[in-house]
Amino acid sequence: MPNFYISRERFKSATSISGTQFNDAVDRVIEASSRDIDRWTRRFFIPKTQTRLYHYPQNRPGRATVIWVDQDLLSITTLQTKAQNATPTTISSSDYFLEPANPEPDGNSRYNRVEIDESTTAAFEAGDTPQRSISVAGSWGWSGVTQTAGSVDDSGGISDSDTALIISDASKVGVGETLLIDSEQIFVSDRDFAAKGSVLLNMGGDLGAVNSTTTVTLDSSHGIVAGEVIRLDSEKMYVVSVSTNDVTVIRAYDGSVLAAHSNDVAIHVNRTLTIERAVNGTTAASHSDSASITKYTPEPDVTRWALAEAITTWHQEHSGWGRSIGTGDGATEFSGREITQLRESMAGYYRRTREAVI
């Protein structure tokens, strides 16, 4: 289930880990920590498109016009009663309410039940069997909120089977994030560099292998933005800021080797994403060039929690799950008190109470 609650880039920045040789191990730790959070909270923080089935009548107090659901419901696409029958009955969206009607304190709407509008003739029914007789198809999860993440920058767009995607702004997208293009969710599993059109180094001379040389001049209309990573030959550089054609960089970034570069060398940028299609129950589709991209970002405290869990796991794995981290004079004793307190606090706030829904 490829939903990460922090990106690879954020984890490596927080831990000062450099080098692509660590990427697979980093991804495994992030994924494990994200799934731990799902289990501890009994929730998921990136929405899924699912059909969930319920017994009717439910074995709990309440009116026969109410169905309680067992996950956070964001929206319904199809509600059916007598779902086990050969011809289920679809209930119109004008004949039911999603409750509670008022938004949560964070401003989002998460629903825990579906209620028939009692002014209508619609009704829940068991049909041939009370088992799995109510079908609720829709979007489920803590929040469906997304943030702007640039656009597709692939000539001709992408087909429904492409596994590579070129984007307009690499600073907005990290490995491990889930993107939304039109109605399809796409998981970013890796990234690579590609030449940025005809953009070249434009220093008027060679660029020396000097760490203190952090201003790089590019051709005009280069389109590079702060937060992206560029590559000259085999040296990677992190773009700190951009002033017209002058780009301020951190040299020898992510474990690459400081090197000299000839004037007019091609500029590569890390905008080529390796992607997994149609994740979380969505459907693969073609997307046009310049199609808008947004990304799902869990609550800030959830991402902080995921980062803390991942860092703890990383250090413990690399110390053999011992009582200390590091060796020699650099060794520090590990008590786990802080991460335990954070875990208890976060799980206590976000944990979904088990409800009798059958």
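Reader: What makes the largest nonpolar core a core, and which residues have the most contacts inside it?

Author: This is a predicted model, in which local features need pLDDT of at least 70 and side-chain atom pairs count only at pLDDT 80 or more, while totals for chains, interfaces and linings use all residues. Residues are numbered from 1 along each chain as its sequence is written, and side-chain values use heavy atoms, with hydrogens and water left out. A nonpolar core is a set of buried Ala, Val, Leu, Ile, Met, Phe, Trp, Tyr and Cys residues joined through side-chain atoms within 4.5 Å, where buried means under 20% relative accessible area with a 1.4 Å probe and protein chains only. The largest such set has 43 residues, and those with the most contacts inside it are Tyr 5, Phe 11, Leu 73, Leu 79, Phe 124, Ile 134 and Val 136.

Reader: Which element gives the largest share of this core?

Author: That is α3, with six residues, a helix being a DSSP run of H or I with at least four residues, numbered from the N terminus.

Reader: What is Leu 73 in contact with, leaving aside its neighbours within four places in sequence?

Author: With contact meaning heavy atoms within 4.5 Å, the partners of Leu 73 include Leu 98, Tyr 111, Val 136 and Trp 140.

Reader: How are the residues lining the largest pocket divided?

Author: They divide into seven nonpolar, ten polar and 13 charged, the last class being Asp, Glu, Lys and Arg. The largest share of this lining, five residues, comes from α1.

Note on methods
Buried < 20%, exposed > 50% of the residue type's maximum accessible area, 1.4 Å probe, protein only. Helix = DSSP H or I, 4+ residues; strand = E, 2+ residues; numbered from the N terminus.
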